[in-house]
Amino acid sequence: MSNDNQEQTGQEQAGQAQTTLGADDNKIIAERRAKLGAIRARGVAFPNDFVPQHKAADLVEQYGGWTREELEAEPQQVVLAGRMMLRREAGKKAAFATLQDASGVRADGRIQIYVTLDNAGEEAMEALRSYDLGDILGVEGTLFKTKVEELTVKVTKLRLITKSLRPLPDKFHGLADQETKYRQRYVDLIMNEETRRTFKARTAAIASIRRFMQEHQFMEVETPMLHPIPGGAAAKPFVTHHNALDMQMFLRIAPELYLKRLVVGGFDRVFEINRNFRNEGVSIRHNPEFTMMEFYAAYTDYKWLMDFTEAVIRQAATDAHGTAELTYGGRALDLSKPFHRLTIVQAINKFAPGYSDAQLHDMDFLKAELAKFGVKPHAVAGLGALQLALFEETAEAQLWEPTFIIDYPVEVSPLARASDTVDGITERFELFMVGREIANGFSELNDPEDQAARFLAQVEAKDAGDEEAMFYDADYIRALEYGMPPAGGCGIGIDRLMMIITDSPNIRDVLLFPHLRKED
């Protein structure tokens with residue numbers, strides 16, 4: 001029999017369990033349970049005494065460039081473990097298999113093993129043939145290169161570490177159903193190299209952000225997840241009840257007011273990377289539980305914040321992706337260049353030309369124009385809120401290049417410091433790229449009397465039907481009355497940023513376990 005025929009036969013054998021999955025899933029599971037029963041009868045079924053000393057990607061990186069002769073002259077002993085993803089026979093006395101482990105930031109963590117009757121023994125050969133794709137194996141052996149120059153482990157010892165009872169999806173089609181990928185992320189991670197790379201990139205980006213913050217003298221802190229009063233953002237909260245205290249509480253919508261209490265207490269630079277919860281819609285850009293990074297720096301303002309935020313994001317992209325020159329959805333996105341800055345009105349004029357200055361300052365016109373988009377503003381909405389609403393309908397989705405939209409109206413910025421030079425606006429920005437908001441920041445309002453008046457205005461808006469308006473937080477006002485230094489603060493949406501860095505079209509693609517409807 002030729003080698004080509006041997007390989008084809010081996011591939012057919014390797015894929016047998018997979019190709020029959022659709023026909024008889026339960027039969028395959030029953031057969032694997034029977035194998036597990038036989039293993040139990042012989043001793044420990046799930047051993048916990050095997051300790052890998054090497055990782056696949058590290059071995060490929062370190063020895064992939066060695067020649068066959070160099071590996072023969074300096075034998076490299078290795079001990080590693082991984083999930084068997086492929087097996088093929090090489091005659092009656094030898095077989096190849098591919099093991100996959102968790103190694104490598106930008107590599108897939110796979111290495112080939114070679115088991116022969118001469119090197120591993122008859123028991124190991126028979127055991128390998130009885131193992132199933134998905135089983136986790138431990139191997140010891142030496143490195144060599146095959147005739148096609150593939151780095152391979154010549155196995156001397158072979159052990160079954162974990163028996164897989166469920167067959168993996170068909171290797172030729174992978175895990176194709178998108179909802180199944182989200183519901184069974186563990187299978188998605190096993191089968192899809194791109195998914196593994198996405199989440200490794202996410203980890204690298206978050207680690208980069210932490211380093212950057214610490215290098216700039218920010219202290220990482222943790223603030224409560226359960227709040228007696230929801231604050232720090234305009235959003236609808238999740239409501240719960242604390243039995244021991246017999247009081248209503250809310251999952252936090254933002255950590256802002258607690259972080260600023262720390263600035264009052266004397267911590268000049270603080271940041272937190274953690275979860276927020278908002279009881280709102282679910283979409284390709286929204287998940288009710290999401291990750292934010294908020295940071296506050298005393299004696300800074302919103303202009304300093306824009307420069308700093310730009311630097312944080314640029315560094316995170318570079319560390320996770322290898323460059324700040326990205327591609328999103330097939331379109332270039334360059335984070336290496338200075339970000340643009342526009343006011344709300346300037347953005348409308350640039351991306352929706354045709355409105356006159358008089359029209360953009362005419363409340364009746366703005367209400368009529370918004371009605372064309374099906375938008376009905378709140379009864380108490382002023383000029384600034386109407387302009388913002390028109391911006392959201394006409395310009396926001398077109399902000400592909402990184403752009404800071406600045407000078408937000410006071411009425412929609414209850415925690416931001418008002419401008420000293422222009423009535424009705426605040427020293428606030430929102431950062432947009434690829435048509436979506438990524439960050440929100442401003443010079444902080446540290447005048448307790450002004451803040452109390454803003455809270456009261458929010459209460460009036462809530463009474464008028466605005467479910468996202470803020471509550472009055474008396475303790476936060478008390479904290480400000482002790483004196484908070486001038487400061488700037490910003491929140492960056494980590495999940496949306498990760499979508500951009502990893503070129504992912506759906507927020508669920510960058511969440512390990514996104515929220516979904518009930519499976520039934």
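Q: Into which domains is the chain divided?
A: The chain is divided into domain 1 (23-168) and domain 2 (191-339 + 401-509), with bounds that come from an automatic or database domain assignment. This is a predicted model, in which local features need pLDDT of at least 70, side-chain atom pairs count only at pLDDT 80 or more, and totals for chains, interfaces and linings use all residues. Residues are numbered from 1 along each chain as its sequence is written, and side-chain values use heavy atoms, leaving out hydrogens and water.

Q: What separates the centres of domain 1 and domain 2?
A: The centres, taken over C-alpha atoms, are 46 Å apart.

Q: Why is Ala 474 called partly exposed?
A: Buried means under 20% relative accessible area, exposed over 50%, and partly exposed in between, with a 1.4 Å probe and protein chains only. Ala 474 has 48% relative accessibility and therefore counts as partly exposed.

Q: Where does Ala 474 lie?
A: Ala 474 lies in helix H18, residues 474-482. Helices (H or I, at least four residues) and strands (E, at least two) are DSSP runs, numbered from the N terminus. The chain has 19 helices and 18 strands.

Q: What distance separates the C-alpha atoms of Ala 474 and Ile 229?
A: These C-alpha atoms are separated by 9.7 Å, although Ala 474 and Ile 229 are 245 residues apart along the chain.

Q: What share of the 520 residues of the chain counts as buried?
A: By the cut-off of under 20% relative accessible area, 49% of the 520 residues count as buried.
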